[in-house]
Amino acid sequence: MRATGDHITNPNTFIKILILSFFALSLFFAVKHFSSYSPQLPLPSSSSSSAIATTNATAAVSVHHVASNSTTTNTSTTTSLSNTASPPPPPENVVERTGILDENGAMTNDFVIGDYDSSLLENNEVDESLVGGESDEKPGKIEKFRVCDESRREYIPCLDNLDVVSRLNSTEKGENYERHCPEKGKELDCLVPNPKGYKDHIPWPKSRDERKFGLCFYYWKKHSKGHVGNKSMLYMMTGEEDEQVEQLLVVWYDNVPHTRLVEDKGGQNWISRNKDKFIFPGGGTQFIHGANEYLDQISKMVPDIAFGQHVRVALDVGCGVASFGAFLLDRNVTTLSIAPKDVHENQIQFALERGVPAMVAAFATHRLLYPSQAFDLVHCSRCRINWTRDDGILLLEVNRMLRGGGYFVWAAQPVYKHEDKLQQQWKEMEDLTGRICWELVAKEGYIAIWRKPLNNTCYLGRNLGVQPPVCDANDDPDNVWYAIRYSFHFVIWYVPLKACITQLPENGYGGNVTTWPLRLHHPPDRLQSIEMDAILSRNDIYKAESKYWKDITFSYVNVFRWRTRNVRNVMDMRARYGGFAAALHDHGVDCWVMNVVPVSGTNTLPVIYDRGLIGVVHDWCEPFDTYPRTYDILNAAGLFSIEQKRCNISSIMLEMNRILRPNGHVYIRDVNSIIYKLEEIAKAMGWMTHVFDNGEGPNAGAKLLTCEKRM
């Protein structure tokens, strides 16, 4: 013990121990200091690699581009320094492909789609007077909207503008049936009321046995002598529950309380009334024995029509109550039924109430709001249109919209009656169709069928001076609106009809679509002619949009239970390439979709029709041409971020309320600042609302607003 104490008390020994301890501490802190600033090598774990792959694969789809909105974070790991061991060599550089393209530049199928357009977050110039600023904070409460008076129960703003119609210079060409929208400041500012006693519409049947229905209808007519009240034979023959059979036949009277069509057309098997319901037996002016028999006759006359394969999209002009289109649905043909709001003004309303695709439109002085080569077949059965007037300008509009190689079916008295006046009309029709190079492929009974050529050979081979002329090569046949942009405002007017033959593309675009159902997902040739920034990646953008909506609608269908809801009429308010409609078809939702392409964006409507879908070009600063209480679901993705720059978003919301059925639903995906404003407007209209975070979490820049319009 003494020796130990001597070492401690010895001054020299103590100094040596102190110096040695100080040196050791200095070395320790030096090593710690330099190790904290030395470069570190990332050592990815399995979890971090998965996160990197997932985030880098996230993509947002827009009409003009597909952008990858993902970031990666390198995981730092501390590497200990040792006096005897040098740092390990860096790992080999392995390039991991992320995003939507593989090593060959083709799009892969295993990428993840984001939930909104990155372009929506751009700071574009906005008309502050329309939206009240761009703050992300929730706006103040909006005063509740009043209910309109009873006279606007069936109000269509652009077709019921009596002040403008009364000032028209002429109405002999049907100008009074065309669009005349209210001026700014006179837009709809109230909630259109429901009819008294309005009920939730009778669901569209999920399956229809046409053969059985046709038999039962035949025996019902035979044994009941046509009395509507005796339907026991109908139920007996089908073996179905009464209510199921009833769904094939009826709509509630209180929902469309008008009897003019019953009074005018009751004897033609169009429509009958039985107490609180209207009944639609499936007849028409020219097919009083039923639409199915009529369709069978057309198929026998021209087998190449091949309903549901070559003919997928049809236009029924002057449609009546749309039985032609209703029965074509069972043959995998989507028919857009159109008619003017004339003395039989409620025929389109009846069609929509039944669940048949329809909208109000008129052949008059302006192009219809559909693209060139849209329809595989155009049908007119006693549609009361003089096709040969004004150098055939109305039939030339049909020619513009009819696909190369498509068919025009005309069922009318001049086809089969031998009265002098009617025979003169037939000769004029023969002469006109010959001059525009249509081939009369069949004429039987009261039906005549023509076929449009596939190319311009006949048009250019006509003798000099033959009328009508071929349209100028600079004329864009897809333009139905002229739109010139000034800052964030558009000046828009309608394209007039032209008495000339629309030329077909030399490359065959539009006429060479594949058969249904392959055409729904096959990128059509006309995709390459769409004006957009991307040149080489159009097909990838098209496929990406389809995948985006297939993923999104999977959640809609399952979480919001669309299959169990009474969903039939659906509108996509910013349709782009029709991916939303295609996804609903893939998920088996028994509905049809009106694809709306806004004039403020790229005109992609030709692609939508080439896919076998239907749609229309529209300006959302104006009302839509349909009756109130038309649609069960309205889908709007990124619409308001675009249209707020030039439209009053409250007016758009009020228009949505007008065309939405009671118990209908709205799904709006947009940036947060817009969502909060729309939520307040929706509440002021009496809608039930809910805001959901999107797949990127609560701090993402976009959200989903769901709304329900209660009865």
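**A helix on a sheet, and onward**

Mentor: Start with helix α18, residues 579-586, which lies across β16 (569-572), β17 (592-598) and β19. Helix α18 runs at about 165 degrees to β17. Keep in mind that this is a predicted model.

Trainee: Which strands does helix α22 touch?

Mentor: Helix α22, residues 672-684, packs on the sheet and touches β20, β21 and β22 (702-708). The direction of α22 makes about 160 degrees with that of β20.

Trainee: What order do the strands of the sheet come in?

Mentor: The order is β18-β17-β16-β19-β20-β22-β21. That is seven strands in an open sheet, and the pairing is mixed.

Trainee: Which strands stand at the edges?

Mentor: β18 (614-618) and β21 (688-693). Each has a single partner strand, so one side of each is left without a neighbour in the sheet. From one strand to the next, the twist averages 15 degrees.

Trainee: What holds strands together in general?

Mentor: Strands of a sheet pair through backbone hydrogen bonds, and the pairing is either parallel or antiparallel.

Trainee: Then β19 and β20: parallel or antiparallel?

Mentor: They run parallel. Six bridges join β19, residues 631-637, to β20, residues 660-671.

Trainee: Which residue in β20 does Tyr631 stand opposite?

Mentor: Leu660.

Trainee: New topic. How many disulfides are there?

Mentor: A search of the whole structure finds six. Counting bonded cysteines along the chain, the pattern is 1-4, 2-3, 5-6, 7-8, 9-10, 11-12.

Trainee: What does a disulfide join Cys148 to?

Mentor: Cys190, with 1.9 Å from S to S. The link is right-handed, with 105 degrees about the S-S bond.

Trainee: Where do Cys148 and Cys190 lie?

Mentor: Cys148 is in the loop between α4 (128-131) and α5 (162-166), while Cys190 is in the loop between α5 and α6 (210-224). The pair therefore ties together parts that are 42 residues apart in sequence.

Trainee: And Cys190, buried or exposed?

Mentor: Cys190 is buried, as its relative accessible area is 2%. Cys148 also counts as buried, at 6% relative accessibility.

Trainee: Let's do Cys471. Which residue does a disulfide join it to?

Mentor: Cys500, again with a line from S to S of 1.9 Å. That link has 90 degrees about the S-S bond and is right-handed. Cys471 sits in the loop between α16 (457-460) and β14 (481-486), and Cys500 in the loop between β15 (489-494) and α17 (538-559). The two are 29 residues apart, so the pair is said to link distant parts of the chain.

Trainee: Are those two tucked away or out in the open?

Mentor: Cys471 counts as buried at 6% relative accessibility, and Cys500 counts as buried at 11%.

Trainee: What about Cys621 and Cys647: right-handed or left-handed?

Mentor: Left-handed, because the torsion about their S-S bond is about -80 degrees. Their sulfur atoms are 1.7 Å apart.

Trainee: One more residue, Asp376. Where does it lie?

Mentor: In strand β10, residues 375-381. Asp376 counts as buried because its relative accessibility is 3%, and the cut-off for buried is under 20%.

Trainee: What does the side chain of Asp376 reach?

Mentor: The backbone nitrogen of Arg312, at 2.9 Å. Setting aside neighbours within four places in sequence, Asp376 is in contact with several residues, including His310, Val313, Leu402, Tyr407 and Arg519.

Trainee: Now the whole chain. How many helices and strands?

Mentor: The chain has 22 helices and 22 strands. Of its 711 residues, 52% count as buried. The accessible surface comes to about 33,500 Å², and 52% of that belongs to carbon and sulfur atoms.

Trainee: And the contacts along the chain?

Mentor: Take the contacts between residues at least 6 apart in sequence: 72% of them join residues at least 24 apart.

Notes
Residues numbered from 1 in each chain as written. Predicted model: local features only at pLDDT ≥ 70, side-chain atom pairs only at ≥ 80, totals over all residues. Heavy atoms only, no water. Helix = DSSP H or I, 4+ residues; strand = E, 2+ residues; numbered from the N terminus. Buried < 20%, exposed > 50% of the residue type's maximum accessible area, 1.4 Å probe, protein only. Polar contact = N/O pair within 3.5 Å; in protein donor to acceptor, adjacent residues only side chain to side chain. Contact = heavy atoms within 4.5 Å. Pairing = 2+ DSSP bridges. Axes fitted to C-alpha atoms, helices over the stretch in contact; angles between N-to-C directions. Areas by Shrake-Rupley, 256 points an atom, 1.4 Å probe, with all protein chains shown as cover. Disulfide = S-S within 2.5 Å.
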